[in-house]
Amino acid sequence: MNIVIVGGGAAGLTAAIFAAGQGHTVTVLEQNEKPGKKLLATGNGRCNLTNVDQKKECYRSSRPEKAARILEQFPVSSVISFFTELGIYTKNRDGWIYPNSGQASAVLAVLLMEAQHRKVKMKTRETVTAITRETDGSYLVHTRGWKYPADRVIVTTGSPASEIAGSSADGLQFADELGIRSIPFAPALCPLKCSGAEFQKWSGVRADGRVTLFLDGVPVVSESGELQLTSYGISGIPVFQVSRYAVRALEEGALVEAELDFFPDMEEDTFAALLNHRMMSCTYKTQEELLIGLLPDKLIPLALRNGRELDVIAHAVKHVRLKVKDSAGFERAQVSSGGVDLAEVSDQLESLRYPGLYFAGEVLDVDGACGGYNLHWAWVTGAIAGFSAAKEEEE
Ligand SMILES: Cc1cc2nc3c(=O)[nH]c(=O)nc-3n(C[C@H](O)[C@H](O)[C@H](O)COP(=O)(O)OP(=O)(O)OC[C@H]3O[C@@H](n4cnc5c(N)ncnc54)[C@H](O)[C@@H]3O)c2cc1C
């Protein structure tokens with residue numbers, strides 16, 4: 001049986017290994033000159049490949065129950081065993097799993113070695129332009145210069161997130177042409193463009209804090225960690241974590257605000273009392289001087305923006321409200337929300353309308369939180385699609 005995989009990224013390479021393990025002819029078509037480019041950039045080049053703490057809320061989808069059912073089929077222990085067998089010794093950083101070598105290139109290398117060992121054909125510089133179905137139920141995968149006949153096709157084209165070459169929305173175009181429903185891609189895990197502060201003044205600051213997202217005035221989600229303040233708005237892992245909700249709400253026309261708290265470990269009145277204590281013990285200090293050592297210098301004018309009374313300062317530090325105007329775009333996003341609707345595929349990721357056509361990885365309508373969840377989704381769905389696509393012929 002001929003199995004053609006469209007896209008040689010995390011999900012595509014995993015699918016190829018699982019499909020080829022069952023003795024079929026497996027061909028990966030990759031438009032870049034090399035497979036796995038995005039994988040090499042993951043985790044700042046260190047590849048946070050999964051997370052031992054698997055909670056439902058770490059995966060966002062318009063069909064969360066279905067996403068959970070798919071994930072259950074290949075638990076995190078199986079993902080870690082898969083990589084251990086390929087040669088990756090993993091290390092655990094507070095549940096975030098990395099290769100011990102600290103190199104994403106090692107993860108890509110072992111996947112490619114295994115694919116080669118299993119005789120997967122890797123065709124690079126092959127951009128797939130269309131997938132069509134023949135009258136006998138087989139498929140033709142069209143590239144710019146060739147047509148690849150296939151009994152089974154697995155689409156693993158990822159999403160348009162990031163500036164990395166190869167990032168594309170082509171998978172949704174193929175789905176659309178076949179009448180398969182999808183949710184348009186939108187940037188997720190990305191910085192947010194805001195108004196409501198003098199961003200030029202605070203640009204470059206990195207400070208621990210909490211961001212709370214307000215939609216039409218109602219707080220919906222909060223995340224803590226290192227906030228990064230930029231010339232156009234806000235960034236950093238906590239902002240990434242809330243960004244997909246902000247972007248989707250903006251699309252729906254909601255009023256989207258982000259409130260920053262630069263002293264999240266203390267209630268406002270306790271913080272005001274702390275300021276008072278500092279003033280009493282150093283009566284010679286001005287309000288500006290009082291804040292030195294508590295906040296980064298560039299944030300001090302922000303703390304004094306509403307007045308110099310201590311309770312006013314405490315409120316200003318803990319409630320910096322910004323209007324979110326936009327995402328910083330696909331180029332600065334790590335992943336996309338949206339994708340092929342999970343209602344269009346079986347739990348084995350086969351199209352319900354087109355037997356023999358599978359989807360896996362980020363092209364599906366699931367986006368994970370920061371922490372290894374997006375690659376986890378890619379490995380799990382790649383494994384399920386590869387295994388299932390190869391198995392069917394035996395029946
Ligand atoms: C900077 C950055 C850091 C990240 N860090 C992490 C991390 O540490 N942990 C984590 O879990 N996730 C991380 N992610 C997210 C993660 O990389 C993706 O979710 C994951 O790579 C998705 O896997 P995929 O196989 O679905 O898509 P991809 O890995 O994007 O692979 C898709 C492949 O398909 C190819 N392709 C697309 N269209 C066509 C076409 N028409 N014809 C032929 N080939 C095509 C592309 O060239 C690409 O090689 C990060 C993302 C970025 C951008």
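Trainee: At roughly what angle do the axes of α1 and α13 cross?
Mentor: This is a predicted model, in which local features need pLDDT of at least 70, side-chain atom pairs count only at pLDDT 80 or more, and totals for chains, interfaces and linings use all residues. Residues are numbered from 1 along each chain as its sequence is written, and side-chain values use heavy atoms, leaving out hydrogens and water. Helices (H or I, at least four residues) and strands (E, at least two) are DSSP runs numbered from the N terminus; axes are lines fitted to C-alpha atoms, for helices over the stretch in contact, with angles from 0 to 180 degrees between N-to-C directions. The axes of α1 and α13 come within 7 Å, and the crossing angle is roughly 35°.

Trainee: How many nonpolar residues does the contact of α1 with α13 have?
Mentor: Contact means heavy atoms within 4.5 Å, and among the residues of α1 that meet α13 are Ala11, Phe18 and Ala19. Ala, Val, Leu, Ile, Met, Phe, Trp, Tyr, Cys and Pro count as nonpolar, Asp, Glu, Lys and Arg as charged, and the others, Gly among them, as polar. The contact of α1 with α13 has no charged residues and three polar ones; the nonpolar count is eleven.

Trainee: Is the crossing of α1 and α5 left-handed or right-handed?
Mentor: α1 (residues 10–20) and α5 (residues 104–117) pack at about 30°, with axes 9 Å apart. On the α1 side the contact is made by Leu13, Thr14 and Ile17. A crossing is left-handed if the near helix is turned anticlockwise from the far one by less than a right angle, and right-handed if clockwise. The way α1 passes α5 is left-handed.

Trainee: What share of the ligand's accessible area does the protein cover?
Mentor: A backbone N or O atom of Asn374 lies 3.3 Å from an oxygen atom of the ligand. On its own the ligand has 1,000 Å² of accessible area, by the Shrake-Rupley method with a 1.4 Å probe.

Trainee: How far apart in space are Gly158 and Gly8?
Mentor: Gly158 is in the loop between β11 (152–155) and α6. In sequence, Gly158 and Gly8 are 150 residues apart; in space, C-alpha to C-alpha, the distance is 9.5 Å.

Terms used. A polar contact is a pair of N or O atoms within 3.5 Å; within protein, one must be able to donate a hydrogen and the other to accept it, and residues adjacent in sequence count only if both atoms are side-chain atoms.
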